[in-house]
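Please consult the sequence and the model alongside the text.

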Amino acid sequence: MTRDRHLIDQKQAQLTKRQKDGLPFDKMQSELNALIEQSETLYQTRLCRLPKITYDESLPVAARADEIIKAIQENQVVIIAGETGFR
């Protein structure tokens, strides 16, 4: 997870320093591995909880969903205009 990046980087730097200084680092290596595994598990859990995106096919905009997705991916600003269906 992005929020864990700083702590993981800090631990890695401390571990590298201990290795370089010839100090024991086994416990710190285990802590780092556990932290990385915990972060990856949380990421995978959140990924599984993401809702599946579906489009209401009765709406006219649904026919152009792929085009709209592409426009959003390729452009910083996208303006989409159309009828709302309300009168």
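Predicted model: local features only at pLDDT ≥ 70, side-chain atom pairs only at ≥ 80, totals over all residues.

Asp4, by contrast, has a relative accessibility of 15%. Asp4 therefore counts as buried, since that class covers values under 20%.

## Other salt bridges

Side chains of opposite charge can pair when their charged atoms come close.

Another of them is formed by the side chains of Lys17 and Asp21, at an N to O distance of 2.8 Å. Both residues belong to helix H1, where they are four residues apart, about one turn of the helix. Asp21 has a relative accessible area of 43% and is partly exposed.

A further salt bridge brings together the side chains of Glu31 and Lys11, with 2.9 Å from N to O. Because Lys11 is located in helix H1 and Glu31 in helix H2, this pair ties together parts that are 20 residues apart in sequence. Glu31 is partly exposed, at 33% relative accessibility.

## Packing of helices H1 and H2

Helix H1 comprises residues 5–21 and helix H2 residues 26–49. Their axes come within 10 Å and cross at roughly 160 degrees. Since an angle over 145 degrees counts as roughly antiparallel, H1 and H2 are assigned to that class. The crossing of H1 past H2 is left-handed.

The salt bridge between Glu31 and Lys11 links these two helices through their side chains, as Glu31 lies in H2 and Lys11 in H1.

## A nonpolar surface patch

Which residues form a nonpolar patch on the surface? The patch consists of Leu59, Val61, Ile72, Val78 and Ile80, which together have about 420 Å² of accessible area.

Within this group, Val78 is placed in the segment after helix H3, the helix that covers residues 65–74. Val78 has a relative accessibility of 31% and therefore counts as partly exposed.

How values were computed
Residues numbered from 1 in each chain as written. Heavy atoms only, no water. Patch = residues over 30% accessible without salt bridge, like charges linked within 9 Å, V, L, I, M, F, W, Y side chains within 5 Å. Areas by Shrake-Rupley, 256 points an atom, 1.4 Å probe, with all protein chains shown as cover. Salt bridge = Lys/Arg side-chain N within 4 Å of Asp/Glu carboxyl O. Buried < 20%, exposed > 50% of the residue type's maximum accessible area, 1.4 Å probe, protein only. Axes fitted to C-alpha atoms, helices over the stretch in contact; angles between N-to-C directions. Parallel < 35°, antiparallel > 145°, perpendicular 65-115°, else oblique. Left-handed = near helix turned anticlockwise from the far one by under 90°.
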